[in-house]
Amino acid sequence: MSAPVILSGQVIMSGRALFPPIRLRLEPGQWTALLGDSGVGKSTLLRLIAGLPIGGSFKGRVQFRQPVALMAQDPGLLGWLTVRQNAALGARLRGHAADFTRLDAILDRAGLAAHAAKRPAELSGGQRQRVALARTLMEDRPLVLLDEPFSALDVRLRLEMQDLAAELLRGRTVLMVTHDPAEAARLADRIHVLTEAGLSAVETPALPIPRAPSHPELLRCQGALMSRLIAGTAA
Ligand SMILES: Nc1ncnc2c1ncn2[C@@H]1O[C@H](COP(=O)(O)OP(=O)(O)OP(=O)(O)O)[C@@H](O)[C@H]1O
């Protein structure tokens, strides 16, 4: 089993610390969900773990960083490529042939088979988000960072895409930023809430992932998480 990814330190934006020094530990092979107020610094943490620049400065370090696949909030699709070409972009950028059997199976599962030859401008927001998800699932990386990956999807599709991601990312170390307590309670082995006061953990249900959306244990976790989020820094 590989080592955990550990981010420790704090972020300074425009001369102000977003939060006190934190220690975020991603257990190998597990899903970690990160929730918190808008603007508190969640996407910035993903960028730091991915080794990307941030707008401010970071006083700290990221240990045991691994090859990473990042699905950012912005789908970042290339307008001149088709859905199929966008989903296969990672392999193409690395100069490899994509696994087209896997690609077409993922596009099918993501409900995109009928749109495979379309350009991004011809898609809805939710369809574009699913292309970005398909592209991320095509990457064969041990560490996967997902920034609100299902936020543009309707309830049914959201559950289906959660199931698909849980299945295809099994065994990977995943950090998912989300504003949806139900999503975190359904998918995560570990849940953290980030506020201006720092990072705190919320207990997760002892049930296999993905969890049934209406299971009482999941609803209990969801309720505890909502209370924590509503309390904010007062928690
Ligand atoms: N490039 C940048 N330059 C200056 N400030 C930035 C930059 N990027 C982000 N910030 C600021 O840093 C803070 C954290 O931003 P970040 O995107 O990490 O928040 P977030 O928790 O992911 O928010 P949301 O839930 O709204 O996506 C915000 O106050 C934002 O305005």
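**Ground rules.** I number residues from 1 along each chain as its sequence is written. Because the model is predicted, I read local features at pLDDT of at least 70 and side-chain atom pairs at pLDDT 80 or more, while totals for chains, interfaces and linings use all residues.

**Confidence.** I checked pLDDT, the predictor's per-residue confidence from 0 to 100. The protein chain averages 94, and 98% of the residues score at least 70. I also noted ipTM 0.97 and pTM 0.95 for the model.

**Fold.** I found eight helices and ten strands in the protein chain, taken as DSSP runs (helices H or I, at least four residues; strands E, at least two) and numbered from the N terminus. The radius of gyration, over C-alpha atoms, is 18 Å, close to the 18 Å of the globule rule (2.2 Å times the number of residues to the power 0.38) for 235 residues, so the chain is as compact as a globular protein of that length. Along the principal axes, the C-alpha atoms fill a box of roughly 50 × 40 × 35 Å.

**Ligand shell.** I listed what surrounds the ligand (C-beta, placed from the backbone, within 6 Å): Met13, Leu18, Gly36, Ser38, Gly39, Val40, Gly41, Lys42, Ser43, Thr44, Gly55 and Gly56. Which helix gives the largest share of the shell? Helix H1 (residues 42-50) does, with three residues. By class, I get three nonpolar, eight polar and one charged residues in the shell, with Gly counted as polar.
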